[in-house]
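Please go through this model with me, one question at a time.

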Amino acid sequence: GRLNISYNRYWEGITSLKQMHSKWFDACVQTLSFDQVLFVNNDLSDEPWCQYIVNLFVQLSAMATLLLHTESYRHRESARE
């Protein structure tokens, strides 16, 4: 019944959230790869620009997740009124 529907909605949301994070990761990797086309065997972990780009994508992903949570909270609060 209703519990089953709630359970399915929860897992659908988790799956969508994981897919969103995966897309952010793919975009980050493509950005770093595009910048490093000429340098195939480079270790990028110590480059400040690469660390900066990864940090930006982490922040974008975190803010998108926070926005989803905030919108969900606002929706629940407006439904109570």
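This is a predicted model: local features need pLDDT of at least 70, side-chain atom pairs count only at pLDDT 80 or more; totals for chains, interfaces and linings use all residues.

Colleague: How many disulfides does a search of the whole structure find?
Modeller: A disulfide is a covalent bond between the sulfur atoms of two cysteines. Here the sulfur of cysteine 28 has its closest cysteine sulfur in cysteine 50, at 8.7 Å, which is too far for a bond, because a pair must lie within 2.5 Å to count. The number found in the whole structure is zero.

Colleague: Is cysteine 50 buried or exposed?
Modeller: The cut-off for buried is under 20% relative accessible area. Cysteine 50 has a relative accessible area of 3%, so this residue falls under that cut-off. Cysteine 28, at 8% relative accessibility, also counts as buried. The answer for cysteine 50 is buried.

Colleague: Which element gives the most to the lining of the largest pocket?
Modeller: The pocket holds about 330 Å³ of space. Two or more lining residues come from each of helix 1 and helix 2 (48–80). Among the lining residues are Arg9, Tyr10, Thr65 and His69. With six residues, the element that gives the most is helix 1.

Methods
Residues are numbered from 1 along each chain as its sequence is written. Side-chain values use heavy atoms; hydrogens and water are left out. Buried means under 20% relative accessible area, exposed over 50%, partly exposed in between (1.4 Å probe, protein chains only). On a 1 Å grid over the protein atoms alone, a cavity is a set of points where a 1.4 Å probe fits but cannot get out, and a pocket is an open set with protein on both sides within 12 Å along at least five of seven lines; lining residues have an atom within 4 Å of a point. Grid points are joined across faces, edges and corners, and a volume is the space filled by probe spheres set on the points. Helices (H or I, at least four residues) and strands (E, at least two) are DSSP runs, numbered from the N terminus.
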